Amino acid sequence: RSSPHRDAGRGSFGARNATSCPTTRWNEITSRPYERSLPEQRDDDAPDERGTHVATIVRREDYFTAALDILATHAHAGLKQARLCAHLEVTTGSFYNYFVSWADFKKEFLQNWLDRQTLQLAETARLEGSPRRRLEMLIEFACKLPHPAESAIRGWAYSDHAVRDIQALVDRQRFDVVAESTAAILGPGDDAQRFAHLAMFALTGYQQTLPVQDVSVLRWSLN
């Protein structure tokens with residue numbers, strides 16, 4: 001069946017490229033610039049420390065990164081257009097150069113989070129032929145997730161249907177890639193599924209724990 005989220009619900013994140021190096025692929029994901037249809041926008045109304053108006057250049061990706069920062073510190077209730085623009089030191093005009101409305105921004109932000117923090121990481125892991133090495137990669141990916149922001153998104157999902165749909169998709173895709181890797185070692189069956197559930201429970205529990213624990217605790221749990 002088809003899905004509006006790039007057929008992500010099928011448990012497959014794209015065709016496997018046997019000639020690609022997973023490490024190289026990971027480096028490409030984390031270092032390449034965000035692909036956007038619009039050029040970088042200047043906000044000529046942003047003053048410098050002396051009160052002189054200078055041009056502030058922001059990218060579409062900057063808004064998504066700033067949203068994660070705000071979620072991490074102010075939870076989902078604090079993610080507002082005014083705070084987002086203030087965080088980037090731009091005016092609302094810069095915001096509307098990229099997004100038609102706040103609802104449009106929210107939709108693109110959630111899709112970006114799904115793509116960059118789940119789909120692309122799973123695709124990279126699937127390029128690794130060794131199941132054990134693949135699990136090691138997935139553990140490293142899990143430890144580098146934006147945990148405080150993801151905790152806020154999960155809380156947001158309880159009051160917003162659109163966020164809940166994306167959160168459920170993220171959970172499903174993460175579970176699937178772990179289950180595939182464990183099944184390659186243990187064989188298909190209940191044991192592989194249980195190990196995948198255990199990994200997901202460890203990640204989710206870590207993200208919801210207060211105060212936030214050192215990431216070494218999560219790494220130990222997943223290992």
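How close do the axes of α5 and α6 come, and at what angle do they cross? They come within 9 Å and cross at roughly 155 degrees. This is a predicted model, in which local features need pLDDT of at least 70, side-chain atom pairs count only at pLDDT 80 or more, and totals for chains, interfaces and linings use all residues. Residues are numbered from 1 along each chain as its sequence is written, and side-chain values use heavy atoms, with hydrogens and water left out.

**Helix pair**
- Helices are DSSP runs (H or I, at least four residues) numbered from the N terminus.
- Axes are lines fitted to C-alpha atoms over the stretch in contact, with angles from 0 to 180 degrees between N-to-C directions.
- Angles over 145 degrees count as roughly antiparallel, and α5 and α6 are therefore roughly antiparallel to each other.
- Contact (heavy atoms within 4.5 Å) involves Leu121, Thr124, Ala125 and Arg126 of α5 and Arg134, Met137, Leu138 and Phe141 of α6.
- By class, the residues of this contact are five nonpolar, one polar and two charged.
- Nonpolar covers Ala, Val, Leu, Ile, Met, Phe, Trp, Tyr, Cys and Pro; charged covers Asp, Glu, Lys and Arg; the others, Gly among them, are polar.

**Backbone**
- The peptide bond from leucine 210 to proline 211 is cis, with omega near -5 degrees.
- Proline 211 sits in the loop between α9 and α10.
- Alanine 75, in the loop between α2 (60-74) and α3 (81-88), has a positive phi, near 65 degrees.
- Most residues other than glycine have a negative phi, and most peptide bonds are trans.

Technical notes
Helices (H or I, at least four residues) and strands (E, at least two) are DSSP runs, numbered from the N terminus. Angles under 35 degrees count as roughly parallel, over 145 as roughly antiparallel, 65 to 115 as roughly perpendicular and the rest as oblique.
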